[in-house]
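Here is a brisk report on the fold, the helix packing and a few backbone details. Keep the viewer open while reading.

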Protein chains: 2
Amino acid sequence: MRIDIGAALDATATPGVPPDALDRLDDRVAHAHDRITAGMDGDEFGYAALNLPRTVDVDAITAAADAVADADTLVTVGIGGSALGAATLVDALGDDDLDYHALDNVDPAHVTRLLDRIDLSTSAVHVVSRSGTTAETLANFLVVRDAMDDAGVDWTARTLVTTGDDGPLRALADTHDLPVLDAPRGVPGRFAALSTVALPAAAIAGVDVGELVAGAADGRAALAGSLEDCSAYAYGATAYALDQRGAGVNAMLPYAERLETFAEWFAQLWAESLGKDGVGQTPARALGATDQHSQLQLYRAGPRDKLVTMLRPASRPDCAIPEAELADIDYLTGGDLGALLDAEFEATAASLAASGVPTVRVEVPAVDARSVGRLLFDFEAACVLAGELYGVETFTQPAVEWGKNAARELLRGEDPLPETETHIVE
Amino acid sequence: MRIDIGAALDATATPGVPPDALDRLDDRVAHAHDRITAGMDGDEFGYAALNLPRTVDVDAITAAADAVADADTLVTVGIGGSALGAATLVDALGDDDLDYHALDNVDPAHVTRLLDRIDLSTSAVHVVSRSGTTAETLANFLVVRDAMDDAGVDWTARTLVTTGDDGPLRALADTHDLPVLDAPRGVPGRFAALSTVALPAAAIAGVDVGELVAGAADGRAALAGSLEDCSAYAYGATAYALDQRGAGVNAMLPYAERLETFAEWFAQLWAESLGKDGVGQTPARALGATDQHSQLQLYRAGPRDKLVTMLRPASRPDCAIPEAELADIDYLTGGDLGALLDAEFEATAASLAASGVPTVRVEVPAVDARSVGRLLFDFEAACVLAGELYGVETFTQPAVEWGKNAARELLRGEDPLPETETHIVE
């Protein structure tokens, strides 16, 4: 990917990064790159994610997908990193004729509504839980399976599983002889999009998984020990440097509808990897041009605590704006929708620069498999680099355990919750 | 609505509001309420939004909707406040058998894809622009109209317009004798959900618009000069007081899939109304329980700059989790999906409290028309109150004009953008 950090430097932005601070930071980038390289070489926990472009078995994934390729509906049963990668890839690249749903919440109103709406006999279900113990995923799958039974559908013929070596989901798959893909070892869910976790959904949606992986491999080959030579590291280092100077919010603003879910994937990657020990930049998910009519007022005139990451493809399909009988809109008619969107991108970038809000521009060649594979890899690498700079444990998420355990105890009828003060207004 | 600010007080949270500070703030709430009441009495710009429950003409809206009630697909052509209200109401309450799309972006890839997918002959199109000049909306409508022409559909029979007294969209509607609903005077788009801007879409989607308005009227009747007597003001005052103490981010976390778009509506309301003059809380859109597996790590262990607003309905439909042949998940099976979701809500609230992160709990009776009408009204009132406390011009959005003008000039072939520094890494 191509990034431009010019408008994040202190000549334009406040907060902004002074060029000499960027030079000094580059020494730390070189050191972090050594650490990352060593982690990759040793296939260490987390760092193993950056090896996926060469360790993932594309043939096994496409073969598993082929077995349910006749499906007209695909449901990913997973949550967090076990769903967002698949949703990101299918939303960005999937065939229009596949009806796709990520069943990544346990709202009974939503689950029953979805099951009423789809034809289970022509659906494929991909159940994903690396631990095999995720409460939401197991509960949802039991509900889906029951609905398939009720509809007279042989659920064992429509279900594909991705999980680890043991746990309830592995046991269930073994009992019923379901096709199982192994979750990659040492790769946290939010770093697992380019693996058996999310690629099967992409394959079922008609995406060229080989191209996705090739794009990721391009990103891997481009890793280098200086932010001046590596766009992924340049992004991670700039975001970190801005956060140190007060930009505690990172608004991800893609100018492409099909990358809207990418912003959500990014939000998990950034929040869960870096949000610990009292530090971490808060991701805000946005969409251009839509959010110019929602968030831009705040970005431009609110507190100076934001980096705005502006992402766009260099090429778009054509869609002419017809001539019309209307006065005062000659600047629009006879043009193209893509030109309008790109003009808004440029104008918004300039308007943020004019008010001193730091932006980073990210450009990918197109919203195609190779570019999206590269995009995901590069942001993962950027996040790993940022984690090294913050000095946090990038690959764990210890703060969510308390709530998980408490929820389980509540459901067992125990009373694990401490008293808290109430102050109710009705 | 019912709110609990107990876990936002300084006995639990850091930052937290000291009870005596809340008492002092209540004097300012009383003063602000007087200002708001005067604004409502005078139907002043912006404040007029809070009069919508008695000024909106429900019969005219339902009559206009009835004319296209046979549609199986509805497309709202609008952007920002002219789309988000409709999307919020339809996503929360609309019939499952209506295929709904908010065409609120000008991405050619997305627009052409949508138009390829839907049957225009059985679609209704609601075009919404209060000014009648919004570039994205006019461009998209011209593309949609052209597609209808190409498909041999009489677009004038399928199109409903909401706009102001003049401008290109009014002219177009007059020329072709289209049914037009007047946009409410003195009501900015983000405060216009409970009007001709969004209610027609709700009506076409089968929502009882009278109940929505009745819910809003409940909220209006509940406005009172103390935060102890008015849940809307209690929310706005608490959010403001926390922001003053460092909680610059407000994460809206509904535990209901159908309120996911409400979080987006809230994000516009909060950002565009309060984000000015260097102040304003940054809204973060989230969804429970899904974001426990994405954002919770950051909320709980990252910087202490967040208020988490936890929203849920008091009642949910049933959806049993079937018994299963799996070991170790006895706590789940035989239970209900809603009980699981509610246990996660309680556990997450407790886990945030345990680490001192301020939360406000908001409860509505159900996700039904009356409750949703009340919810939207109450958050609008909360926002107006917060605007009075911040001392900002709640109802304007001046910072977006620069970019709008620059985009227009770019499309006219002019060169309005100042040079900015570039620093490119590939």
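## Helix packing

H1(A) passes H10(A) in a right-handed crossing. This comes from a predicted model. The two helices pack at an angle of about 125 degrees, and their axes lie 11 Å apart. That makes H1(A) oblique to H10(A), because angles of 65 to 115 degrees count as roughly perpendicular and only those over 145 as roughly antiparallel. On the H1(A) side, the contact uses Leu25(A), Arg28(A), Val29(A), His33(A) and Ile36(A). H10(A), which covers residues 231–244, contributes Tyr233(A), Ala237(A), Tyr240(A) and Ala241(A). By class, this contact has seven nonpolar residues, one polar and one charged.

A second pair involves H4 and H11 of chain A. H4(A) spans residues 84–93 and H11(A) spans residues 260–274. H4(A) passes H11(A) in a left-handed crossing. From H4(A), the contact takes Leu84(A), Gly85(A), Ala87(A), Thr88(A) and Asp91(A). From H11(A), the contact takes Thr261(A), Phe262(A), Glu264(A), Trp265(A) and Gln268(A). These residues divide into four nonpolar, four polar and two charged. How are H4(A) and H11(A) oriented to each other, roughly parallel or roughly antiparallel? Their angle is about 155 degrees. Angles over 145 degrees count as roughly antiparallel, and H4(A) and H11(A) are therefore roughly antiparallel.

The table sets out the geometry of both pairs.

| Helix pair | Angle between axes | Distance between axes |
|---|---|---|
| H1(A) and H10(A) | about 125 degrees | 11 Å |
| H4(A) and H11(A) | about 155 degrees | 8 Å |

## Chain A as a whole

Chain A has 15 helices and 11 strands. Its radius of gyration is 23 Å, close to the 22 Å that the globule rule gives for 426 residues, so chain A is as compact as a globular protein of that length. The C-alpha trace of chain A spans about 65 × 60 × 60 Å along its principal axes. Of the 426 residues, 66% count as buried. Take the contacts in chain A with a separation of 6 or more: residues 24 or more positions apart account for 76% of them.

## Two buried loop residues

Ala7(A) sits in the loop between strand S1 (2–4) and helix H1 (19–41) of chain A. Is Ala7(A) buried or exposed? Its relative accessibility is 11%, so Ala7(A) counts as buried. Setting aside neighbours within four places in sequence, Ala7(A) touches Thr12(A), Ala13(A), Val357(A), Pro358(A) and Thr359(A), and also Glu421(B). Tyr331(A) is 324 residues from Ala7(A) along the chain, and their C-alpha atoms are separated by 28 Å.

Asp291(B) lies in the loop between S8 and H12 of chain B. Asp291(B) is buried as well. Its relative accessible area is 6%. With neighbours within four places in sequence left aside, the contacts of Asp291(B) are Arg285(A), Leu253(B), Ala286(B) and Leu296(B). Asp291(B) and Tyr255(B) are 36 residues apart along the chain, with 9.9 Å between their C-alpha atoms.

## Backbone exceptions

Most residues other than glycine have a negative phi, and most peptide bonds are trans. The cases below depart from that.

Ala289(B) is in the loop between strand S8 (282–285) and helix H12 (296–301) of chain B. A further cis bond runs from Thr14(B) to Pro15(B), with omega near 0 degrees. Pro15(B) belongs to the loop between strand S1 (2–4) and helix H1 (19–41) of chain B.

Two aspartates have positive phi. For Asp277(A), phi is near 55 degrees. Asp277(A) is placed in the loop between H11 and strand S8 (282–285) of chain A. At 63% relative accessibility, Asp277(A) counts as exposed. For Asp43(B), phi is near 50 degrees. Asp43(B) occupies the loop between H1 and helix H2 (52–55) of chain B. At 42% relative accessibility, Asp43(B) counts as partly exposed.

Notes
Residues are numbered from 1 along each chain as its sequence is written. Chains are lettered from A and ligands numbered from 1 in the order in which they are written. This is a predicted model: local features need pLDDT of at least 70, side-chain atom pairs count only at pLDDT 80 or more; totals for chains, interfaces and linings use all residues. Side-chain values use heavy atoms; hydrogens and water are left out. Axes are lines fitted to C-alpha atoms, for helices over the stretch in contact, and angles run from 0 to 180 degrees between N-to-C directions. Helices (H or I, at least four residues) and strands (E, at least two) are DSSP runs, numbered from the N terminus. Angles under 35 degrees count as roughly parallel, over 145 as roughly antiparallel, 65 to 115 as roughly perpendicular and the rest as oblique. A crossing is left-handed if the near helix is turned anticlockwise from the far one by less than a right angle, and right-handed if clockwise. Contact means heavy atoms within 4.5 Å. Ala, Val, Leu, Ile, Met, Phe, Trp, Tyr, Cys and Pro count as nonpolar, Asp, Glu, Lys and Arg as charged, and the others, Gly among them, as polar. The radius of gyration is taken over C-alpha atoms; the globule rule is 2.2 Å times the number of residues to the power 0.38. Buried means under 20% relative accessible area, exposed over 50%, partly exposed in between (1.4 Å probe, protein chains only).
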